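Keep the 3D view open as you read.

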Amino acid sequence: EVLLGPERVLMLDQVGVAVLGKLDGVACLSEISQALSQVYDAPLDVIEPDVMAFVQDLVEKGMVHVRPH
C-alpha cells in the first residue's frame with residue numbers, strides 16, 4: 001500500500017494500513033490503539049506508543065491532520 005502526500009510517497013506496511021483505515025475522524029487514537037491491540041493480540045502498552053508515533057510522523061509530514069479531542 002502507498003500513501004501519497006504533498007511531494008511525498010510513503011510505503012505502508014500492514015500495521016500502517018490498519019491504522020490509516022481506522023482514522024475516520026471520529027475515533028480517538030486511544031480507541032484505535034485498543035482496537036488494534038485486540039486485532040493483533042498485542043499488549044496495549046506496546047501498540048499505543050507505536051500508533052501515536054506513526055500518526056505523529058504522518059502529521060509532521062503533512063499527510064494527515066488530527067483534530068483535538
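Start where two helices touch. L29, S30, I32, S33, Q34, L36 and S37 in α2 meet L44, I47, E48, V51, M52 and V55 in α3. By class, that contact holds eight nonpolar residues, four polar and one charged. The model is predicted, so side-chain atom pairs count only at pLDDT 80 or more.

Now the geometry. Two packed helices are described by the angle between their axes and the distance between the axes. Helix α2 spans residues 29-39, and helix α3 spans residues 44-60. Their axes come within 9 Å and cross at roughly 130 degrees. The two helices are therefore oblique to each other. The crossing of α2 and α3 is right-handed.

Next, turn to helix α1, residues 14-22. Its axis lies 11 Å from that of α3, and the two pack at an angle of about 75 degrees. Angles of 65 to 115 degrees count as roughly perpendicular, so α1 and α3 are roughly perpendicular to each other. On the α1 side, G16, V19 and L20 make the contact. They meet V51, F54, V55 and L58 in α3. This contact has six nonpolar residues, one polar and no charged ones.

Last comes the empty space. Rolling a probe the size of a water molecule over the atoms shows where empty space is left. The largest pocket holds about 340 Å³. Its lining counts 15 residues, with G25, A27, H65, V66 and R67 nearest the centre. Nine of the lining residues are nonpolar, four polar and two charged.

Notes: Residues numbered from 1 in each chain as written. Predicted model: local features only at pLDDT ≥ 70, side-chain atom pairs only at ≥ 80, totals over all residues. Heavy atoms only, no water. Axes fitted to C-alpha atoms, helices over the stretch in contact; angles between N-to-C directions. Helix = DSSP H or I, 4+ residues; strand = E, 2+ residues; numbered from the N terminus. Parallel < 35°, antiparallel > 145°, perpendicular 65-115°, else oblique. Left-handed = near helix turned anticlockwise from the far one by under 90°. Contact = heavy atoms within 4.5 Å. Nonpolar A, V, L, I, M, F, W, Y, C, P; charged D, E, K, R; others polar. 1 Å grid on protein atoms, 1.4 Å probe; cavity = no way out; pocket = protein on both sides within 12 Å on 5 of 7 lines; lining within 4 Å. Points joined across faces, edges and corners; volume = space filled by probe spheres on them.
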